[in-house]
Structures are given as structure tokens and as C-alpha cells.
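I opened my notebook today to look up a few things about a protein chain. Come along and check each entry with me.

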Amino acid sequence: MSEVTVHGILFGLSDPVRVRIFAELVQGEGRNCAAFVNVNDMPLPKSSLSQQFKVLRECGLIRSERNGVELKNYTRCDELKRKYGKLIQTILQAYHQEEE
């Protein structure tokens, strides 16, 4: 977790597609990229999805585990909460309020 920074977290969640992916992962862990083919009711090319997941991983927001040929994605919320308190929870609450 030492490589994770507030700047990285804010960058990772600055894109509407990435924040939507992250918010959905928080609600249902262990999902692959194919579960997000339509984000915000817009179809996304697989290459774009791969890039969004790469950014989320590099920012330290998610981790991926290989299960055969499939990558399952999980949030790092517990680890992030220990390091940053309620930062992630507060950002996600603000995101959900803006959606309403």
C-alpha cells in the first residue's frame, strides 16, 4: 500500500467510467471486464475497458486475480480504509449523490 497515494486515488476516480466501474465492484466483488461491457448505458470496446481497469490497478484501487483464463477484479477498500479512513467512502457517496 506504500505505492498508493491520494493523488493516484483521485486520478483513478476522476473519470466517470472508472468511478462507475469501481462503484459497481464495491457492490459486487470478483467480476471480470466482460461484466462492464455497458457502462453508463454506453457500450465500451474491450480495449477501452482494459485501459480503465489498468488505471484502476495502477492507482491501487483494485487488484486482479487470474482464475484460469479469466481475470477477476476486486477492490482494495479494506486496505485503503486502513490507510485513508473514510476517503473512498466519502468519494463514492458524493458520486452517488450526483447520480440522483
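These are my entries, from the whole chain down to single residues.

**Entry 1: the model.** I noted at the start that this is a predicted model, so I read every value below as computed from that prediction.

**Entry 2: the layout.** How many helices and strands are there in the protein chain? I found five helices and four strands. Walking along the sequence, I wrote down the pattern α-α-β-β-α-β-β-α-α. Next I looked up the radius of gyration of the protein chain, which is 13 Å; the globule rule gives 13 Å for 100 residues, so the chain is as compact as a globular protein of that length.

**Entry 3: contacts across the sequence.** I looked at contacts with a separation of 6 or more, and 61% of them join residues 24 or more positions apart.

**Entry 4: surface and charge.** The protein chain exposes about 6100 Å², and I noted that carbon and sulfur atoms supply 51% of that area. Of the 100 residues, 35% count as buried. I then listed the charged side chains: 14 are positive and 13 are negative. The centres of these two sets lie 5 Å apart.

**Entry 5: the core.** Which residues have the most contacts inside the largest nonpolar core? They are I9, L13, I21, L61 and I88, in a core of 23 residues. I traced the elements that give two or more residues to this core, and they are α2 (16-27), α3 (46-58) and α5. The largest share, six residues, comes from α2.

**Entry 6: N73.** Is N73 buried or exposed? Its relative accessible area is 1%, which is under the 20% cut-off, so I wrote down "buried". N73 lies in strand β4, residues 70-75. Beyond residues up to four places away in sequence, N73 touches L25, E29, G30, R31, N32, C33, F53, R57, I62, R63 and S64.

**Entry 7: Q97.** I went to helix α5 (residues 87-99) to find Q97. With 58% relative accessibility, Q97 is over the 50% cut-off and therefore counts as exposed. I also checked Q97 against L49: they are 48 residues apart in sequence, and their C-alpha atoms are 25 Å apart in space.

Technical notes
Residues are numbered from 1 along each chain as its sequence is written. This is a predicted model: local features need pLDDT of at least 70, side-chain atom pairs count only at pLDDT 80 or more; totals for chains, interfaces and linings use all residues. Side-chain values use heavy atoms; hydrogens and water are left out. Buried means under 20% relative accessible area, exposed over 50%, partly exposed in between (1.4 Å probe, protein chains only). Contact means heavy atoms within 4.5 Å. The radius of gyration is taken over C-alpha atoms; the globule rule is 2.2 Å times the number of residues to the power 0.38. Accessible areas come from the Shrake-Rupley method with a 1.4 Å probe; for residues, only the protein chains shown count as cover. Lys and Arg count as positive and Asp and Glu as negative; His and the chain ends are not counted. The place of a charge is taken as NZ of Lys, CZ of Arg, CG of Asp or CD of Glu. A nonpolar core is a set of buried Ala, Val, Leu, Ile, Met, Phe, Trp, Tyr and Cys residues joined through side-chain atoms within 4.5 Å.
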